Amino acid sequence: MNSIIITIIQGLLVLGIAPFAMGLVRKFKALMQGRKGAYPTLPYFTYATMMKKEMVISKSTSWVFRVVPFVVLGTTVFLALVLPLVGMGGVLAPYADFIVVSAVLAIGAVFLVLGGLDSASAFGGMGSAREMTISSLVEPVMIVTLTAFALVAGTTNIDGMLGMHPVLTLSFLSLILVCLAENARYPVDNPATHLELTMVHEAMVLEYSGPYLAMLEYASALKLTVLSLLAANMLFPSMMLSTSVWVYQGMVVPTILLSGLIAVVMTVVKVVVMMFLLALLESSIAKMRFYRMQEYLSIAFFIALAGLVIVLINLV
Amino acid sequence: MITHEALSALLGSDVHVQGNELRASVKKERFTALMTELVQAQGLSLSLVFGTDDRKSTKTFGVHAVLALPETHEWLTISAELPEADPRYESLTKTVMAAHWYERFMMDQFGIVAEGHPDNRRLVHHENVPEATFPLRKDFAWDTKMDHAEMPYPMHHVEGEGIYEIPVGPIHAGIIEPGHFRFNVAGERIITLEGKLFFTHKGVEKLLEDKTPEEALPLIERVSGDASASHALAYCQAVETLAEASIPERAQYLRALYTELERMTMHIHDLANMGGMGTGYTLLAAQGFRIKERLMRLSDRVLGNRFWRGGIVLGGIKKDLTEEQLNDVLKTAKEAYEEMTEIVEFALHSSGLRERLETTGVLTKDVAIAYGGLGLPARASGVDYDVRRDHPYAIYNELPLEIPLKRHGDVLSRFKMRIMELHVTMDLIKAIMKQIPSGSVHSHMKITDGSALGAVESWRGQILTYVAIENGKITRCFPRDPSFCNWALFGEIGPGNIVPDFPLCNKSLNLSYSGTDL
């Protein structure tokens, strides 16, 4: 029973807070650059407005183009429900095997790429080619990093992997690097650019409009929230919702309400802190040259590999 | 350096001197050979080529080429007459690359054919303009309604495995002027890059005809909004040269002040736009645009508009500045300059930013010279030419003017060049404030017939304006923006770079679409 409640609370909270997280990172960036910025709640209104707008779909597209927003949003919602973000031990947690999670991330990426290609526009193709280059470099890093976590935790399920161990320092670093690339943030991609020639993620969704665009934008806000919460939980797994009960002076107290409240507050705090750190990073560096991307991801890969080696040595 | 004697020997006896301009007419058969000799052997640089329709008086079309003589601060104009029935001459582009767009321009606008031009496609006219439409001929009415045609306008095309084409524009994702770019790329690497511009044709040259010089000035000021003051000054100088007007000294100082303030505004904009928007180093963009805004508001306080427009008029300056206003100008300019230099210095410590700028979009000196590249991009590649020093106007020969120079020609050089020029501009503004005399700022002048050139070093580069007046009305006026010469540089800067770096190259030149396409 409790495990169902955990999943429901997590689902509602993460799905609800995602636009706010996106708005927050923009607001923080604006403040750091000396601008005022819009309210962090603006994305809610943006997505609502887009839902009401007319869709213009190129005649040269096929059914793939129309399926993409659903697949991309679907995979992201899956991650939001399955991963340990607000609480551990949710009813869907058994599905959070890291191989499954990486594969689901890959499905989302592949469909986004197909959507970019399907419109047959030059920019869609360009963005898709770049996304594939990045994806193919991101995936091994992701697998190697999570393998290190799995070895320490003794399980391949991410739900059981939370919690830092000193030997995982390097792996955690590579996890951050890979999350930045996966979310199309600095230094890999610039989510705020209007320069069509430099876009990666934005180029693939350039042909979308109206509700489909709202779905894709919401999916990328959701993915950002999910991955930053996951990274935060790797460091601070405490004060999350769980199925365990508190025993107080010999009495078993059903604490789901109280611990639920704490977990919700902690989640909001984590989102705020993570978005602040992301904004700080994005305000203090320039975007990397596209041809430096393989260097960035190679470094991420070797950090992940070094992390794995350290873990293995410690296990022996 | 070429002496007057050497020139006379080359040109024969018919060199006619008017002010700082030497003129010679040659037979059309000799035109190309003579120009080739002057450019290739004597090392003069081609500054302008333009056509005229003189069929009414002499039953000919005129082709005129202007060369700069920086040592003597003079201009040399070589003209040739082409018969009305068969306006052809041997193409100059075959030997003098810098003439390539001018000659295509004349083919489109006058029907003057440069025989053997290596690239005889259309330039100004797009597919929809019918054949044999020559808008700048006198018998073409400005309000002619043209039929819709489907003429070919082929673009360069590369074939091979893994090579594909990216068409970009003319409508862009950002709010910029329209221009179409065609990339042929292998992966991300650019193989060829070609622009198709001229989407903003307004017919300015045609509209200027039959206007009085006073009526024409507002049009000239709006040719390119970011260089209003410089365009107005170049035009006014041409008309004033004809009238042999003497401009009060205070007005000369204020003219220099306005153009320097325009330079400061745009250099700050460009530093923010290149470093900030081009690379995603957002701090520089946000702060730079804020500082630029201070200068635009200063323009609003001083001139009543945000674009340094309306200050410079024929005969001097429209309205004198009070002591209070001058202090405001100095204070605001100083603050903007100090803030910007501080932020740029801070930004240059970012290795990520420098990494994006270094070695990107290299313009070699040879290319800059061959294409007749002008202004800041040329100086960043080692071409030592600046109108303020080489053809002094306004009051520049009494001001502490230093011309910075860089060699590497990459985006970082152009970025640093702007910082260096910002220092010079600040020194100039301070000197102007110190030296400015009191007195009147406007003198009455009588419009005189004839033709003359006016040159100004705008922030972007040399503006050269040709004006011909007959019976007090303009018969031909060509305000040549430096963008016209610099656009073709992209074909050389782009290849070898990767596609995502092109916006950065583009911003580092910051050319005007509107100023190119009058």
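Reader: Is strand E13 (residues 450-457) of chain B largely enclosed by the rest of the structure or exposed, and why?

Author: First, the burial idea. A residue is buried if 20 or more other C-beta atoms lie within 10 Å of its own, exposed if 12 or fewer, and partly exposed in between, with C-beta atoms placed from the backbone. Now the case. Seven of the eight residues of strand E13 of chain B are buried, so the strand is largely enclosed by the rest of the structure.

Reader: What kind of model is this, and how are its parts numbered?

Author: This is a predicted model, where local features need pLDDT of at least 70 and side-chain atom pairs count only at pLDDT 80 or more, while totals for chains, interfaces and linings use all residues. Residues are numbered from 1 along each chain as its sequence is written, and chains are lettered from A and ligands numbered from 1 in the order in which they are written.

Reader: How many helices and strands are there in chain A?

Author: Helices (H or I, at least four residues) and strands (E, at least two) are DSSP runs, numbered from the N terminus. Chain A has 10 helices and two strands. Along the sequence the pattern is α-α-α-α-α-α-α-α-β-β-α-α.

Reader: Why is chain A called as compact as a globular protein of its length?

Author: The radius of gyration is taken over C-alpha atoms; the globule rule is 2.2 Å times the number of residues to the power 0.38. For chain A the radius is 20 Å, close to the 20 Å that the rule gives for 316 residues, so chain A is as compact as a globular protein of that length. Its C-alpha atoms fill a box of roughly 70 × 45 × 45 Å along the principal axes. Of its 316 residues, 49% count as buried.

Reader: And what does the secondary structure of chain B come to?

Author: Chain B has 19 helices and 15 strands. Its radius of gyration is 23 Å, close to the 24 Å from the globule rule for 518 residues, so chain B is as compact as a globular protein of that length. The C-alpha trace spans about 70 × 60 × 50 Å along its principal axes. Buried residues make up 50% of chain B.

Reader: How many residues of chain A are in contact with chain B?

Author: Two residues are in contact if their C-beta atoms, placed from the backbone, lie within 7 Å. Here 22 residues of chain A are in contact with 26 residues of chain B. On the chain A side, helix H1 (2-33) and helix H5 (122-153) each supply at least two residues. Next come the classes. Ala, Val, Leu, Ile, Met, Phe, Trp, Tyr, Cys and Pro count as nonpolar, Asp, Glu, Lys and Arg as charged, and the others, Gly among them, as polar. That side of chain A divides into 10 nonpolar, seven polar and five charged residues.

Reader: Into which domains is chain B divided?

Author: Domain bounds come from an automatic or database domain assignment. Chain B has domain 1 (4-115) and domain 2 (204-511). Their C-alpha centres lie 27 Å apart. The contact takes 17 residues from domain 1 of chain B and 18 residues from domain 2 of chain B. On the domain 1 side, strand E3 (45-54), strand E4 (60-69) and helix H4 (100-109) of chain B give two or more residues. E3(B) gives the most, with six residues.

Reader: What is the order of the five strands in the open sheet of chain B?

Author: Two strands pair if DSSP finds at least two bridges between them. The order is E1-E2-E5-E4-E3 in chain B, with mixed pairing. Strand E1 (15-18) and E3 of chain B are the edge strands, each pairing on one side only. E4(B) and strand E5 (residues 74-83) of chain B run antiparallel, joined by 10 bridges. B:Val63 has B:Ala80 in E5(B) as its bridge partner.

Reader: Back to E13(B). How many bridges pair E13(B) with strand E14 (residues 462-470) of chain B?

Author: E13(B) and E14(B) pair in the antiparallel sense over eight bridges. In E14(B), B:Thr465 is the bridge partner of B:Gly454. The hairpin of these two strands has four residues between them, and B:Gly461 takes a positive phi near 150 degrees there.
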